[in-house]
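Take a first look at the structure below.

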Amino acid sequence: MDEQLPTRQKPNDAHFPGTLGSVEVFGIPVRFHFTFWLIVVYLIVIGSRGQQSAAGTTLYILSIFGSVLLHELGHAVVAHRFRIRTLEIVMLPIGGLARLERPPRGREEFWVAIAGPAVNLIIGGALMGFAWLGGNSLAPETWMAQPNDSNLAERIGIANLFLAVFNLIPAFPMDGGRILRSLLARWRPENEATRTAARIGMGMAAIMGLYGLLAGNFFLVFIAFFIYVGAMQERVASDQQELIGSEIVQPAMVTDFRTLNHGDTLKDAANLLLATTQQDFPVMAGQSVAGLLTRQAMLRAMASEGPEAYVAGAMDRDFLRVPPSALLSEVVQLIASRQGSCALVFEDDTLVGMLTAENVSEFLILREIRRARDGAREQGS
Ligand SMILES: [Zn+2]
């Protein structure tokens, strides 16, 4: 199915909300969440006390975030080898997030997940190796307790080893949880592997949270909560996948929908939004589809450009394009990984339908009702 996906330009609409500033590294947009900047400033301010120079502290903190970024690039590079594009890397206070255009499957997942911690192990190992060759008697506790400019490299090394170990905790959404799932999936069905890995993740989070509470370590409680929620989300997604089974897109898609013309204005689009229950509109240029105007993009452009601007300026040219024979479960994952917009369904080059998360759930509900009725009729006869 991947062959059906066109080479897309940079996504302009589907990126992570709440980011402030971005740079591009190897063609991948790296965006910074606004809370990321708050934590950088906070760390520099509290870190400037003690024996370190302000420059040393700044360098230390920037190196840690640089290490997190290299970790995410590790995921991105291996994903690229499996022809999975990285939509963006988002830097958050708790670490980074590499958003891939589709989730890696089976064996791919193992290599993509392990690449991140491997980067930190290499950096940490190298820095510690240099320290050891330089005759430094390895006593990490003293460096961390007495940070100064001369043990900067060693502290960056230890932080990288910590990042590697922390990410290898076998619990979703840590890399270790994904590695565990891909290993389990070698011997059992994917859904069962996900459920087992999720259960282990929730169990570990519960133990970690309890320990954090007893030890008064609230950072640990926070991390445990984050892991618990992540594991639960994976489980819910896996249950939904199982419910969808091997259905294809064709019977679930919307075939009666309205389109816009690329010469239309945002005002025309807003009228259509009010007149219909549709949220996203394909934008046509003659017989072919030039883009997709989502409700969010329409409202945003309306606020910044005004109602007389053209829809062509606000539409997403990078929309999701799938054939009617695509597996529903895969398309649902693709829609979710792009922050819940919709997919356009093409038969050869003709637009034949649209698929949104809502109409997938309607389709599933109707299917369950039909099955229940069929079951009742069989019992009655
Ligand atoms: Zn990672």
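The chain folds into 13 helices and ten strands. The model is predicted. Of its 381 residues, 32% are buried. Among the contacts with a separation of 6 or more, 60% join residues 24 or more positions apart.

**The nonpolar cores**

In soluble globular proteins, nonpolar side chains tend to be buried together. Here the largest nonpolar core holds 38 residues. Six of them touch the most other members: Ile-89, Ala-171, Phe-172, Ala-205, Ile-227 and Ala-231. The largest share, eight residues, comes from α3.

Leaving out residues up to four places away in sequence, its contacts are Ala-171, Phe-172, Ala-198, Gly-201, Met-202 and Ala-205.

There is also a second, separate core, with 31 residues. Its members include Met-298, Phe-319, Leu-320 and Leu-344.

**How the helices pack**

Two packed helices are described by the angle between their axes and the distance between the axes.

| Helix pair | Angle | Axis distance |
|---|---|---|
| α7 and α8 | about 160° | 8 Å |
| α6 and α7 | about 145° | 8 Å |

How do α7 and α8 run, roughly parallel or roughly antiparallel? Angles over 145 degrees count as roughly antiparallel. The angle for α7 and α8 is about 160°, and the two helices are therefore roughly antiparallel to each other. Their crossing is left-handed.

Now look at α6 and α7. The crossing of α6 with α7 is right-handed. On the α6 side, the residues that meet α7 are Gly-177, Leu-180, Arg-181 and Leu-184. On the α7 side, they are Ala-193, Thr-194, Thr-196, Ala-197, Ile-200 and Gly-201.

**Two loop residues with positive phi**

Which loop holds Arg-83? It is the one between α2 and β3. Arg-83 is not a glycine, yet its phi is positive, at about 60°. Is Arg-83 buried or exposed? Arg-83 has 12 other C-beta atoms within 10 Å, so it is exposed.

Asp-348 sits in the loop between β9 (343-347) and β10 (350-355). Asp-348 also has a positive phi, near 55°, and is a residue other than glycine. Asp-348 is exposed, because it has 6 other C-beta atoms within 10 Å.

**A residue in strand β6**

Ala-285 belongs to strand β6, residues 281-285. It has 12 C-beta neighbours inside 10 Å, so it counts as exposed. What does Ala-285 touch, not counting residues up to four places away in sequence? The residues are His-262 and Ala-290. How far apart are Ala-285 and Gly-263 in sequence and in space? They are 22 residues apart in sequence. In space, they are 8.3 Å apart, C-alpha to C-alpha.

Conventions. Residues are numbered from 1 along each chain as its sequence is written. This is a predicted model: local features need pLDDT of at least 70, side-chain atom pairs count only at pLDDT 80 or more; totals for chains, interfaces and linings use all residues. A nonpolar core is a set of buried Ala, Val, Leu, Ile, Met, Phe, Trp, Tyr and Cys residues joined through C-beta atoms within 7 Å. A residue is buried if 20 or more other C-beta atoms lie within 10 Å of its own, exposed if 12 or fewer, and partly exposed in between; C-beta atoms are placed from the backbone. Helices (H or I, at least four residues) and strands (E, at least two) are DSSP runs, numbered from the N terminus. Two residues are in contact if their C-beta atoms, placed from the backbone, lie within 7 Å. Axes are lines fitted to C-alpha atoms, for helices over the stretch in contact, and angles run from 0 to 180 degrees between N-to-C directions. Angles under 35 degrees count as roughly parallel, over 145 as roughly antiparallel, 65 to 115 as roughly perpendicular and the rest as oblique. A crossing is left-handed if the near helix is turned anticlockwise from the far one by less than a right angle, and right-handed if clockwise.
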